[in-house]
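Please read the following report alongside the sequence and the three-dimensional view. It moves from strand pairing to a pocket, then to charged pairs and a surface patch.

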Amino acid sequence: MNTEAKVGAITLAGLMLLAGMIVYLTGISFGEKGYPVQAVFNQVNGLKPGNLVRYAGVEIGTVADVRVLPEGVSAHIMLNPGVKIPVGSKITIGSDGLLGEKFINIVPPREVNGFLAPNAQVLGENPQGLDELMVSANEVLAEVKILVAALNDVVGDEKVRAALKETALNTRAVTANLERLTATLAGMAETNQVEVAAMVSNLKDMSVSLNSTAARVDKMLADVDNNGQTAEDLRETIAAFRQTSSRVERMAAALEGVVTDPDTANNLKDTLKNARDATSKANQMLTKVAEIKTEASVEAIYNPDKHEYQSNANFTINTSPRDFAVIGVTDIGEANKVNLQVGKSGSGFDQRIGLIESKAGVGMDAKLGSQLRMSLDVYDPNDVRVKLRTQYEVAPDTFLVGQTSNINKSDEKTSYYGVRRAF
């Protein structure tokens, strides 16, 4: 091969390589290859042919052409072969940075219900231009300016500044006080550990005493009532007495028409009258026995000042809806003071009279609702003493008790708190 042929071959190869580079760099294709889609926008903000098309951030094609239509701007998108766009995808125009090149961004829907056909026309979402951003920014700045002016009006007021300063000082003072209070409480807790342990021990002893008292009261009730046999025997005796009186009355009535002797007739009349009276009294006695209701109660109360506890027991006998009697002992095992009172019930108040802690006195109980009850006792005529009690029912037959004795004597006044249980 001569020199001219070699130079011609090299020149032709260079021209072919240059043409291939131009085709590659400019994206020129000979015949459409890929997946064409038409996206219509109101405005494209500088979108031009050759810009990238991205699907969920991945490059899948380019913008082949941008044309102006009567209804807006049409961007001819050429997607890579094998790529399909789901129906309902969101198509927008984005940019790489503030001044970077534009690109079309496609966001797939949550659910795929088919794909766009080739050359399908879809509506794209209009991008927000710089002018619109500036308008929005101006509106935000105007609102911020109004807010700053309002704050200046508030903070600029001398009274408001003084109040804020005072609030800050008060907050600092409160913080200091809380720190001192915390330190004081910690010191008290450390110092009173022994007393707390003693109080817990006393409460344990009090619970043991309460159990012992309850056992003694149960035994006392069992001995007196004999598990219900005593009341049953009493009812049977009165019933038998009533039956006997009725029989005597019938016998006397039968003989009344037969006896002719005056003395015998008078005796029969007296017998008949006595039998009727006896039957009436037996009926009254049966009625009263049927109305008798009893209630026993024990309580354990504690005096935190003297660190001592007290156990009490009472037995209330209701002989009728309005009449009752109280039998009991205060401070069991220590002073053993006797309670022996009779009383009457009213609509809202009960009245009592008799022995209160082994001294003559009177008492009154006030019913304040279904759970709260207050009692006032005045006793000991030689050295008058006043006692006030309050009890609140926290559960069926279980009460919280508060008691203050000798409230009229400041040097002898004592307060107790505890629990009462009714049976």
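Val 68 stands opposite Val 73 in S4, within a pairing of strands S3 and S4 (residues 72-79) that run antiparallel and are joined by eight bridges. Strands here are DSSP runs of E with at least two residues, numbered from the N terminus, and two strands pair if DSSP finds at least two bridges between them. S3 and S4 form a hairpin with two residues between them. On the other pairing of S3 (residues 58-69), strand S2 (residues 52-55) is its antiparallel partner over four bridges, and there Leu 52 has Thr 62 of S3 as its bridge partner. The hairpin of S2 and S3 also has two residues between the strands, and Ala 56 takes a positive phi near 55° in it.

The model is predicted, so local features need pLDDT of at least 70 and side-chain atom pairs count only at pLDDT 80 or more, whereas totals for chains, interfaces and linings use all residues. Residues are numbered from 1 along each chain as its sequence is written, and side-chain values use heavy atoms, with hydrogens and water left out.

The largest pocket holds about 940 Å³ of space. A pocket is an open set of points, on a 1 Å grid over the protein atoms alone, with protein on both sides within 12 Å along at least five of seven lines, where a 1.4 Å probe fits; lining residues have an atom within 4 Å of a point. The volume is the space filled by probe spheres set on the points, which are joined across faces, edges and corners. Its lining counts 39 residues, of which Thr 316, Asp 365, Arg 373, Gln 391 and Arg 420 lie nearest the centre, and strand S9 (residues 308-318) gives the largest share of that lining, six residues. Gln 310 is placed in strand S9, and its C-alpha atom is separated by 8.0 Å from that of Thr 330, 20 residues apart along the chain. Is Gln 310 buried or exposed? Gln 310 counts as buried because its relative accessibility is 10%, where buried means under 20% relative accessible area, exposed over 50% and partly exposed in between, with a 1.4 Å probe and protein chains only.

Side chains of opposite charge can pair when their charged atoms come close. A salt bridge is taken as a side-chain nitrogen of Lys or Arg within 4 Å of a carboxyl oxygen of Asp or Glu, and by this rule the count comes to 17.

Salt bridges that share partners join Asp 377 and Arg 352 into one network with others, including Asp 350, Asp 365 and Arg 373. Arg 373 is partly exposed, with a relative accessible area of 24%, whereas Asp 350 counts as buried at 5%. Both Glu 299 and Arg 389 are buried as well.

At the surface, Val 342, Ile 353, Val 362, Leu 376, Val 378, Val 384, Leu 388 and Ile 407 form a nonpolar patch with about 590 Å² of accessible area together. Val 342 belongs to strand S11 (residues 337-345) and is partly exposed, with a relative accessible area of 48%. Such patches are made of residues with over 30% relative accessible area and no salt bridge, nonpolar side chains (Val, Leu, Ile, Met, Phe, Trp, Tyr) being joined within 5 Å and like charges within 9 Å; accessible areas come from the Shrake-Rupley method with a 1.4 Å probe, and for residues only the protein chains shown count as cover.
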